[in-house]
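Please look over the sequence and the model before reading on.

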Amino acid sequence: MINFNAEKCTGCSVCLKVCPRHIIFLVNGKAQIKDNRDCLECGACMLNCGFDAIKVTKGTGCLYAIIKEDILKITPKGSGCGCGTGGSCC
Ligand code: SF4
Ligand code: SF4
């Protein structure tokens, strides 16, 4: 999961800049993620937020699916990793 604490978020935009996937946006001055499935779970947003407004835990996204869909482009977007666990793998 990735959770943004709107009360702590100041809208500084640091997380938007450090996210390698560019999936974080400001909505009404507060950070939000566009699609959890595109998250690499790299933790860069959480580590760089100076206001403790982000928590990233295992199971947020699927790196294997991203590699297949976006980098290798061997499966269509949104098809998942294909491991057969139905998203319960991590
Ligand atoms: S880095 Fe933290 S405070 Fe800044 S916009 Fe992102 S969540 Fe909000
Ligand atoms: S954990 Fe990494 S990929 Fe996921 S939203 Fe944060 S910076 Fe982006």
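In which sense do strand 2 and strand 3 pair, and over how many bridges? Strand 2 (residues 24-27) pairs with strand 3 in the antiparallel sense, over 4 bridges, where strands are DSSP runs (E, at least two residues) numbered from the N terminus and pairing requires that DSSP finds at least two bridges between them. This is a predicted model, in which local features need pLDDT of at least 70 and side-chain atom pairs count only at pLDDT 80 or more, whereas totals for chains, interfaces and linings use all residues. Residues are numbered from 1 along each chain as its sequence is written, while chains are lettered from A and ligands numbered from 1 in the order in which they are written.

Within the pairing, Val27 stands opposite Lys30 of strand 3, and in the hairpin, which has 2 residues between the strands, Asn28 takes a positive phi near 55°. The two faces of strand 3 are listed below.

| Face of strand 3 (residues 30-33) | Residues |
|---|---|
| covered | Ala31 and Ile33 |
| uncovered | Lys30 and Gln32 |

Ala31 is also among the closest of the 13 residues that surround ligand 1, together with Cys9, Cys12, Cys15 and Cys49 (a residue is near a molecule if its C-beta atom, placed from the backbone, lies within 6 Å of it).

Val56 lies in strand 4 (residues 54-56), and Val56 is buried because 20 other C-beta atoms lie within 10 Å, the cut-off for buried being 20 or more. Val56 and Met46, 10 residues apart in sequence, are 6.6 Å apart in space, C-alpha to C-alpha.

Key
Buried ≥ 20, exposed ≤ 12 C-beta atoms within 10 Å, placed from the backbone.
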